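This briefing concerns the structure displayed below. It is arranged by topic for reading beside the model.

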Amino acid sequence: MNNLFIEVAALVDDFDRRVRRIEDDVARILEILQKKNLDPPESDHVRLNNKLAYTLSEASETTGLSRAKFYRLFREGKLRRSKAGGRTLILKTELERYLREIT
């Protein structure tokens with residue numbers, strides 16, 4: 001059982017590193033586009049500030065959706081959340097994706 005836990009923990013760590021690399025790559029791509037005064041096509045519909053992730057309170061304030069609505073979206077699998085320590089974060093790209101889908 002202990003070996004299984006170690007294997008699962010290693011897989012989760014590897015997955016987390018991969019996600020962080022993808023997030024870094026996306027951030028670099030956005031920086032390049034901004035330097036060239038180009039916006040990605042999706043930005044025509046949804047435009048949030050330059051933060052990479054929002055706390056639940058910030059996402060609620062930015063979008064006008066309630067915290068209860070966010071928790072319902074998480075539960076229904078319509079919006080993904082990330083955890084940093086004890087904080088629930090919503091990646092900017094994830095929030096933009098959801099907002100594009102509902103408009």
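Ala84 stands opposite Arg87 in S3. Strand S3 covers residues 87-91 and is joined to S2 by 3 bridges, the two strands running antiparallel. This is a predicted model, in which local features need pLDDT of at least 70 and side-chain atom pairs count only at pLDDT 80 or more, while totals for chains, interfaces and linings use all residues. Residues are numbered from 1 along each chain as its sequence is written, and side-chain values use heavy atoms, with hydrogens and water left out.

**Sheet**

- The open sheet consists of 3 strands in the order S1-S3-S2, with antiparallel pairing; two strands pair if DSSP finds at least two bridges between them.
- Strand S1 (53-55) and strand S2 (82-84) are the edge strands, each pairing on one side only.
- From one strand to the next, the twist averages 45°.
- Helices (H or I, at least four residues) and strands (E, at least two) are DSSP runs, numbered from the N terminus.

**Helix packing**

- Helix H2 (residues 56-63) packs on the sheet and touches S1 and S3, contact meaning heavy atoms within 4.5 Å.
- The direction of H2 makes about 100° with that of S1; axes are lines fitted to C-alpha atoms, for helices over the stretch in contact, and angles run from 0 to 180 degrees between N-to-C directions.
- The axes of H2 and helix H3 (residues 67-76) come within 9 Å and cross at roughly 110°.
- H2 and H3 are therefore roughly perpendicular to each other; angles of 65 to 115 degrees count as such, whereas those under 35 are roughly parallel, those over 145 roughly antiparallel and the rest oblique.
- On the H2 side, the contact is made by Leu56, Ser57, Ala59, Ser60 and Thr63, and on the H3 side by Arg67, Phe70, Tyr71 and Phe74.
- By class, this contact of H2 with H3 has 5 nonpolar, 3 polar and 1 charged residues (Ala, Val, Leu, Ile, Met, Phe, Trp, Tyr, Cys and Pro count as nonpolar, Asp, Glu, Lys and Arg as charged, and the others, Gly among them, as polar).

**Salt bridges**

- The whole structure contains 9 salt bridges, each defined as a side-chain nitrogen of Lys or Arg within 4 Å of a carboxyl oxygen of Asp or Glu.
- Arg20 and Asp16 form one of them, at 2.8 Å, N to O; the two residues are 4 residues apart in helix H1 (residues 2-35), a separation of about one helical turn.
- Arg20 is partly exposed at 48% relative accessible area, and Asp16 is partly exposed at 31% (buried means under 20% relative accessible area, exposed over 50%, partly exposed in between, with a 1.4 Å probe and protein chains only).
- Glu58 and Lys51 meet in a salt bridge at 2.5 Å, N to O; Glu58 is partly exposed at 28%, as is Lys51 at 31%.

**Helix H4**

- Glu94 forms a salt bridge with Arg97, with the closest N and O atoms 2.5 Å apart.
- Both residues, Glu94 and Arg97, lie in helix H4 (residues 92-102), 3 residues apart, or about one turn of the helix.
- Glu94 is buried at 4% relative accessible area, whereas Arg97 is partly exposed at 25%.
- The buried residues of H4 are Lys92, Glu94, Leu95, Glu96, Tyr98 and Leu99, and what covers them includes S1, H2, H3 and S3.
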